[in-house]
Amino acid sequence: MDNPGSSIISALGAGSGVDFIKLADDLSDATFAFRRDTLTGRNEALEARISAASLIRSSLSELASALGDRVRNGDLAPRAQIGNPSVAQVATTPGVTPSGTYSLEVTQLAQGQTLVSNGYTDADELVGEGTLRIRFGTVDGASFAEDTARVPLELSVGPDETLASLARRIAGESGGALDAYVANGPDGAQLVLKGEDGAASGFVIEGESAALLPTAQPGDLSYLSWNPASDTGELRQSSRDALFELDTVALSSASNTVSGLPEGMTLTLTATNPGAPTTIGFSNDSGAISAVMEDFVAALNDLAGLLVQEAAAVGGTLGNDAGARELKRDLQRLTNEVVMPGAADGEPSTLADLGLSITREGTFRLDTERLNATLAQSPDAAAAMFTTGPFGVFATIDNLARDNTLRSDPGSLGGSVARYEAQVERNDDRLERIAEQQESLRTRLTRELAAAERRVSSSQSTLSFLQQQIDAWNTQN
């Protein structure tokens, strides 16, 4: 920034030979240098602490999140087994621990209605002007019961509409309720319409011709009309629900994918097995639990190593941080933390029961012998420790992460970050005030030195005049 006094002194002429501009700058800078440098140094240290605390906090949150993903994705859920895998595929709901066995007998698969129109010469033949309406409901023999809750598909058909373009419009404007295309076979070009699965997804076609005398022939829209009472072979497949028995209880579904079943099961029915029920069971995946525990221990060691590095008593960025100390204590207590408070006597309830142990050096290790013993003796109870409920391994680590990252708690890492950020903000305010004070001092010094320069210049002019007079007197004498 240019010194405002420089133009004044330049105009007067620097008669003293002293650079008063630089002198004012140096004096004002030196006056506040110590305070400014001290605050800047404090901010640099605080920023380093914020960075270290945020890194540890982020690592802890990522550990909880990754563990939650493994649990929610069903990686640890018991695996479904079905005696006859051709009948159905079985899936389970993530976070649910199914058990027991079930019998399954499928007598009918769900299917959609398929309708094939009478023939046309080719796909580009005009279908005739008018209105084509498709209503949805239940087709039962020669009768049709409309589902009044569903809006019919109604198309205005112009004079240039062909069989192919009409098929594309039906497929595009039905909202997925119908598939439509033109098939070319021995009977010519035929419009094929396929509905969704389920008994209530049947449909009828009403072609209202714009002709004065509808002919019900190719080229007249009424030719495409169909209802079950007038069927002459156009109906190739009727819509129907899936019928099956689960533990001898008769059930039905409009879709072959059936959810809302006990134990969070979802069945995808693929074939029938009347008179030959198959069995569905569940087995715990001990290998998956062992793999997760290995990954969990490795992640804990990464976190513990980072904490040792950043929170070392000597030389650590967070050596005296309350939040870091609290997290250290939490990790040391982790192995004996009761994660299943409602566990029965003899059932696993702590992370130590799953093989988690801690060494004298403060690192974690997996006691595979104890983990394998737990999996062998209490496989169901071990699997139940990996759910998304209020208790278990995930809930424990999630609570640990939340408690240690809470900004409102001054004893947590989150509280440490909030405190350091507040200190940086206060120091920034002080630095801003120092800058204002320094600028004010520099301006004042410049004015005062400018005045001194004028006095020096005036004195030098007087001295020069007197010197000239003395020289003149000496010459005359």
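In what order do the 4 strands of the open sheet run?

## The open sheet

The order is S8-S9-S4-S11, and the pairing is antiparallel. Strands here are DSSP runs of E with at least two residues, helices are runs of H or I with at least four, and both are numbered from the N terminus. Two strands count as paired if DSSP finds at least two bridges between them. Strand S8 (178-185) and strand S11 (235-237) are the edge strands, each pairing on one side only. From one strand to the next, the twist averages 25 degrees.

S8 pairs with strand S9 (residues 188-197) in the antiparallel sense, over 8 bridges. Asparagine 184 has alanine 189 in S9 as its bridge partner. Helix H3 (residues 163-173) packs on the sheet and touches S8 and S9. The direction of H3 makes about 155 degrees with that of S8. Such angles run from 0 to 180 degrees between N-to-C directions, and axes are lines fitted to C-alpha atoms, for helices over the stretch in contact.

## About the model

This is a predicted model: local features need pLDDT of at least 70, side-chain atom pairs count only at pLDDT 80 or more, and totals for chains, interfaces and linings use all residues.

## Overall form

The protein has 9 helices and 18 strands. Its C-alpha trace spans about 150 × 80 × 35 Å along the principal axes. The radius of gyration is 43 Å, whereas a compact globule of 477 residues would have one near 23 Å. That radius is taken over C-alpha atoms, and the globule rule is 2.2 Å times the number of residues to the power 0.38.

Of the 477 residues, 40% are buried. Buried means under 20% relative accessible area, exposed means over 50%, and partly exposed lies in between (1.4 Å probe, protein chains only). Contact means heavy atoms within 4.5 Å. Among contacts between residues at least 6 apart in sequence, 69% join residues at least 24 apart.

## Pairings of strand S16

Strand S16 (residues 278-283) runs antiparallel to strand S1 (residues 79-82), and 4 bridges join them. Glutamine 81 has glycine 281 in S16 as its bridge partner. Strand S3 (residues 101-108) also pairs with S16 in the antiparallel sense, over 4 bridges.

## Helices H2 and H4

The axes of helix H2 (residues 20-72) and helix H4 (residues 286-310) come within 10 Å. They cross at roughly 175 degrees. H2 is therefore roughly antiparallel to H4. Angles over 145 degrees count as roughly antiparallel, under 35 as roughly parallel, 65 to 115 as roughly perpendicular, and the rest as oblique.

Residues of H2 in this contact include Leu55, Ile56, Leu60 and Arg70. Those of H4 include Asp295, Phe296, Leu303 and Glu310. By class, the contact has 14 nonpolar, 1 polar and 3 charged residues. Ala, Val, Leu, Ile, Met, Phe, Trp, Tyr, Cys and Pro count as nonpolar, Asp, Glu, Lys and Arg as charged, and the others, Gly among them, as polar.

## Two positive phi angles

Most residues other than glycine have a negative phi. Alanine 216 has a positive phi of about 55 degrees. Alanine 216 sits in the loop between strand S10 (202-209) and S11. At 41% relative accessibility, alanine 216 is partly exposed.

Threonine 248 has a positive phi of about 70 degrees. Its loop lies between strand S12 (242-246) and strand S13 (249-253). At 64% relative accessibility, threonine 248 is exposed.

Note on methods. Residues numbered from 1 in each chain as written. Heavy atoms only, no water.
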